[in-house]
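Okay, everyone, thanks for coming.

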Amino acid sequence: MKRLLSLFICLMLVFGLIGCASDDKPADSGTETAGNKEGSDKGPSGHLVIYTSEPQDLVTEMLDDFVSKNPDVTYELYRSGTGDVKTKLSTELEAGGTDACILWFADLGYMYDLDDEGLILHYSPESVASVPDTYKYNEGMGHEVRAIYSVLSYNTTQIDTAPKDWADVTGDDYTGSLALANPAYSGGAMTTLSVHVEPDNETVVGWDWYQDLADNNVKMEQSNGTLLTKVSSGEYKGAVIVDYLPRNAKSEGSPVDYVYPASGSVLIPTPLCLLNTMPEESAEAAKAFVDYMFEIETQKLFVEQGYVPIINEAAEGSEVPTIDDIKVLPMDVEYMRENSSDMLDQFSAMFGTQ
């Protein structure tokens with residue numbers, strides 16, 4: 001009996017200790033469960049609809065990389081020329097709404113118009129605080145995530161002396177063999193035209209430069225991509241073009257080169273902007289995409305694509321310049337917004353319908 005009583009008491013003590021341990025466990029683990037960890041680290045979710053005029057392969061590369069790091073995000077892409085993108089968006093907005101979440105195309109004035117209507121969601125990541133004001137707009141309306149400039153490109157088998165400034169492509173060497181993108185179709189060309197002829201830059205370039213080109217039988221194309229193809233083939237000796245295209249072609253062995261004009265290149269604004277009409281869950285993912293664009297690894301990916309990064313560190317060890325290396329002509333956004341129609345009319349009168 002004594003042995004049985006002793007065994008019974010021991011068993012009671014053991015079960016009592018187990019019970020205490022069980023009672024303590026929730027209190028010990030309640031502040032750091034696996035579910036809580038997953039919840040705190042869980043990335044954004046949502047569906048993003050992107051309207052862009054940027055090269056589809058390069059934009060898709062960025063989006064696929066972003067989604068690989070944020071697997072709960074999905075996306076769809078509408079890509080066309082700036083004019084077509086604006087027409088699609090404007091038509092949808094007039095009809096009562098759009099599915100677009102992110103806008104990324106070359107018409108800064110149009111973005112300001114949307115912002116005036118209260119349609120842009122202002123958002124600025126902490127990482128853009130040190131970015132020069134030239135590359136960010138209207139207190140968070142939009143930002144350049146990498147920089148594109150209008151430059152002079154030429155075929156190295158046909159031009160012996162590289163141009164140094166805008167006036168150098170108006171001479172006999174380029175008669176009938178220099179080309180521009182048409183500002184009626186290309187947002188980048190429209191920006192270039194506006195910057196060239198605004199009052200602060202009239203003495204640098206101005207309408208006289210465009211008249212010299214017209215007198216010299218300049219050619220016109222709808223897109224920068226076509227310009228590159230025809231300069232590379234030798235059909236044109238030179239072109240006014242966005243810088244990353246000849247830079248990439250040159251690196252691939254094409255007989256083209258390019259220069260940033262000495263008096264100043266033209267920054268082609270392609271701001272990344274968010275529409276505030278998107279669903280809340282998409283807004284979370286859209287903000288995460290903006291954050292992603294300024295991460296150093298993303299900036300290095302832009303460099304690999306041939307772009308000038310906004311974060312200078314990303315260009316270290318590459319052939320790509322930094323934004324500090326490039327002289328830029330001043331841009332008056334209000335002049336562009338107020339005079340774009342008149343500028344296009346004057347351009348068409350000078351060059352005809354092409």
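So, before the volumes: a cavity here is a set of grid points where a 1.4 Å probe fits but cannot get out, and its volume is the space filled by probe spheres set on those points. Also keep in mind that this is a predicted model.

First, the overall picture. The chain has 354 residues, and 48% of them count as buried. Its secondary structure comes to 12 helices and 15 strands. If you take contacts between residues at least 6 apart in sequence, 74% of them join residues at least 24 apart.

Now, the holes. How many cavities of 30 Å³ or more does the structure hold? There are 2. The largest cavity has about 140 Å³ of space. It's lined by 18 residues, and Ser150, Ala181, Ala189, Thr192 and Val240 are the closest to its centre. Which elements give two or more residues to that lining? Those are β9, at 178–181, α6, at 187–197, α7, at 206–215, and β11, at 238–242. Of these, α6 gives the largest share, with 5 residues.

On to the second largest cavity, with about 30 Å³ of space. Lining it you'll find Leu121, Tyr123, Gly140, Met141, Gly142, His143, Leu272, Cys273, Leu274 and Val290. The elements giving two or more residues here are β6 (142–143) and β14 (272–275). The largest share, 3 residues, comes from β14. By class, we have 7 nonpolar and 3 polar residues in this lining, and again no charged ones.

Two packed helices are described by the angle between their axes and the distance between the axes. The pair I picked is α5, residues 108–116, and α12, residues 333–351. Their axes are 9 Å apart, and the helices pack at an angle of about 90°. Angles from 65 to 115 degrees count as roughly perpendicular, so that's what α5 is to α12.

Who touches whom? On the α5 side we have Leu108, Gly109, Tyr112, Asp113 and Asp116, and they meet Val333, Met336 and Arg337 in α12. Sorted by class, this contact has 4 nonpolar residues, 1 polar and 3 charged.

How values were computed:
Residues numbered from 1 in each chain as written. Predicted model: local features only at pLDDT ≥ 70, side-chain atom pairs only at ≥ 80, totals over all residues. Heavy atoms only, no water. Axes fitted to C-alpha atoms, helices over the stretch in contact; angles between N-to-C directions. Helix = DSSP H or I, 4+ residues; strand = E, 2+ residues; numbered from the N terminus. Parallel < 35°, antiparallel > 145°, perpendicular 65-115°, else oblique. Contact = heavy atoms within 4.5 Å. Nonpolar A, V, L, I, M, F, W, Y, C, P; charged D, E, K, R; others polar. 1 Å grid on protein atoms, 1.4 Å probe; cavity = no way out; pocket = protein on both sides within 12 Å on 5 of 7 lines; lining within 4 Å. Buried < 20%, exposed > 50% of the residue type's maximum accessible area, 1.4 Å probe, protein only.
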